[in-house]
Amino acid sequence: MRRGAAIAMLSPENRMENDLTYIKQAITQAKIAASKNEVPVGCVIELGGKIIARAYNQRVANKSALAHAEIIAINKACKKTNRSFLDDATLYVTLEPCLMCTGAIFQARIKRVVYGAKEPKFGVLGSLMDFSKETRFNHRFEVTSGLMEAEISAMMKEFFQKLREKAGT
């Protein structure tokens with residue numbers, strides 16, 4: 001049996017329970033980001049029923065536009081598995097991935113993406129467009145959205161409200 005195949009055979013109820021477990025871990029990562037004055041986005045990557053990578057946004061700390069939670073988590077997962085393709089992994093992220101992160105998801109051949117809240121300004125897995133439905137790419141992945149969306153949206157709003165208050169606007 002291929003790695004991760006057992007997860008795919010879960011009943012819908014058990015799959016949702018697993019998804020909630022992992023998205024909560026992504027939320028924990030997002031809270032770490034917020035505590036460091038980073039946009040609160042967190043990500044975990046699951047493979048074979050285990051988390052193999054955890055990350056949160058580190059754009060401010062790394063002074064890098066590329067230091068998104070998904071990119072950092074994919075890099076960690078590839079190093080941990082000693083593979084460039086994560087074709088049997090699921091990526092859980094609190095916020096809908098942007099174009100850059102979606103490109104990395106395609107390049108890593110991630111099997112499935114689960115995200116919490118929509119990102120109306122930058123999200124490309126449902127908001128601005130949906131690249132997961134694009135048939136011209138040589139890779140396809142499943143997308144599940146809306147897990148714990150209200151909690152994640154509230155966390156994002158609170159973070160940006162505090163940021164505006166600090167800036168005096």
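Here are some notes on this predicted model, for someone meeting it for the first time.

1. Ground rules. Residues are numbered from 1 along each chain as its sequence is written, and side-chain values use heavy atoms, with hydrogens and water left out. As the model is predicted, local features need pLDDT of at least 70 and side-chain atom pairs count only at pLDDT 80 or more, while totals for chains, interfaces and linings use all residues.

2. The largest pocket. Its volume is about 730 Å³. A pocket here is an open set of points on a 1 Å grid over the protein atoms alone, where a 1.4 Å probe fits, with protein on both sides within 12 Å along at least five of seven lines. Points are joined across faces, edges and corners, and the volume is the space filled by probe spheres set on them.

3. Its lining. The largest pocket is lined by 28 residues (a lining residue has an atom within 4 Å of a point). Val39, Leu95, Glu119, Phe122 and Met156 lie nearest the centre. Helix H3 (59-62), helix H5 (99-108) and helix H6 (149-167) are the elements giving two or more residues, and H6 gives the most, with seven. Helices (H or I, at least four residues) and strands (E, at least two) are DSSP runs, numbered from the N terminus. By type, the lining has 15 nonpolar, four polar and nine charged residues (Ala, Val, Leu, Ile, Met, Phe, Trp, Tyr, Cys and Pro are nonpolar; Asp, Glu, Lys and Arg charged; the others, Gly among them, polar).

4. Helix H2. Have a look at residues 12-35: H2 has 24 residues. Its buried residues include Tyr22, Ile23 and Ile27, where buried means under 20% relative accessible area (1.4 Å probe, protein chains only). Among what covers the buried residues of H2 are strand S1 (42-47), strand S2 (50-56) and H6. After H2 comes Asn37, with a positive phi, near 60 degrees.

5. Thr90. This residue is found in strand S3 and is buried, with a relative accessible area of 6%. Leaving aside neighbours within four places in sequence, Thr90 is in contact (heavy atoms within 4.5 Å) with Val44, Ile45, Glu46, Arg112 and Val114.

Conventions
The expected span of a helix is 1.5 Å times one less than its number of residues. Buried means under 20% relative accessible area, exposed over 50%, partly exposed in between (1.4 Å probe, protein chains only).
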